[in-house]
Amino acid sequence: MACPVDEFDLIARHFDWPARHPEVSLAVGDDAALLDPPPGTRLAVSTDMLIAGRHFPLDTAPEAIAHRALAVNLSDLAAMGASPLGFTLSLGLPQTDADWLARFASQLRTGAERWGCDLIGGDTVGSPVLTLSVTVIGSLPAGKALTRGGARAGDRLAVTGHIGDAALGLALALGEESLPVLSPSAAAYLRERLDYPEPRLATGRALLPHASAALDCSDGLLQDIGHLLASSDLAAEIDIDAIPVSPAAAEWLEARPADWTRLVTGGDDYELIVALPPEVEIDPVWGLTVIGRLVDGPTGEIRDRQARTLPQRRGYTHFPASPSVDKGEDVNG
Ligand SMILES: [Mg+2]
């Protein structure tokens with residue numbers, strides 16, 4: 001039910017809970033938050049903005065929006081090997097719906113506690129479109145970080161988890177025509193993976209001393225590998241058959257084998273893509289699958305094992321306003 005916005009009321013009711021990190025000396029409620037990172041640490045800062053109808057379908061549940069807003073930002077910290085400290089949330093709300101806000105804030109708190117990231121501040125404004133901006137702050141040992149630029153020829157390229165579930169989940173969410181008929185459990189799994197991405201924080205932290213480069217997979221596997229190659233001035237050879245897919249995605253591919261291109265160019269997986277020097281022994285707890293290796297060659301080029309160049313079609317990160325809206329506009333645009 002819509003009611004007038006009272007910002008102070010709203011913050012007090014939904015967004016004020018105690019900070020847990022000793023580094024967070026002052027969180028929500030003053031003019032600014034105060035952080036006191038201990039000597040020997042550095043801060044990593046990343047921000048991401050989400051607009052309803054563009055970055056998630058308009059009918060997305062408030063729980064999924066809250067999860068996504070925090071998870072996609074934390075995924076960037078994971079990709080740097082950083083540990084979360086806190087985040088700010090700026091909300092542009094078309095109306096103040098008490099039930100929506102309660103559900104949103106409850107899920108946000110669940111995520112914040114689970115991932116160990118304190119809410120340290122934010123802002124709320126009225127807005128014609130639901131808009132969220134999250135800025136996360138993480139910590140790293142001084143002088144350390146996983147960047148996109150440190151990889152060398154000969155390093156193995158590996159990914160966490162499964163690739164492509166979110167792209168398939170999106171096709172389902174948008175109700176695309178003539179999709180393969182999946183088992184209900186496979187369809188539910190793919191939707192869940194779209195709505196509830198998991199930031200690979202533990203793996204990012206564990207890889208900090210081992211990986212030579214890393215980034216998270218948000219725009220699409222091949223395009224994101226291209227970003228790493230551009231920063232590291234390298235090319236890559238990928239074994240397409242080695243790319244890990246979930247049982248649900250395998251079910252899809254069995255019906256529509258040509259859709260493997262969706263899996264490697266669709267976005268929103270939020271898995272990590274890492275480069276590992278040859279001497280690094282891969283620990284199974286990292287959950288990595290080696291999918292290829294980095295080579296000297298034309299910077300940014302990705303080839304398969306048959307030496308065919310793979311197209312890095314721009315990943316699909318923007319959602320049409322609703323399934324009924326013209327989908328041609330910004331798909332892969
Ligand atoms: Mg990223």
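Colleague: Are D76 and D216 buried or exposed?

Modeller: First, the basis: this is a predicted model, where local features need pLDDT of at least 70, side-chain atom pairs count only at pLDDT 80 or more, and totals for chains, interfaces and linings use all residues. Residues are numbered from 1 along each chain as its sequence is written, and side-chain values use heavy atoms, with hydrogens and water left out. Buried means under 20% relative accessible area, exposed over 50%, partly exposed in between (1.4 Å probe, protein chains only). By that cut-off, D76 and D216 are both buried.

Colleague: Which residues coordinate the magnesium ion?

Modeller: Donors are N, O and S atoms within 2.8 Å of the metal (3.2 Å for Na, K and Ca); water is not among the atoms, so sites may look incomplete. Here the donors are OD atoms at 2.0 Å, from D76 and D216.

Colleague: How many residues apart in sequence are the parts this pair ties together?

Modeller: Helices (H or I, at least four residues) and strands (E, at least two) are DSSP runs, numbered from the N terminus. D76 sits in helix α2 (residues 62-80) and D216 in strand β10 (residues 213-217), so the parts tied together are separated by 140 residues.

Colleague: At what angle do α4 and α5 pack?

Modeller: Axes are lines fitted to C-alpha atoms, for helices over the stretch in contact, and angles run from 0 to 180 degrees between N-to-C directions. The axes of α4 (residues 165-173) and α5 (residues 184-195) are 7 Å apart, and the angle is about 105°.
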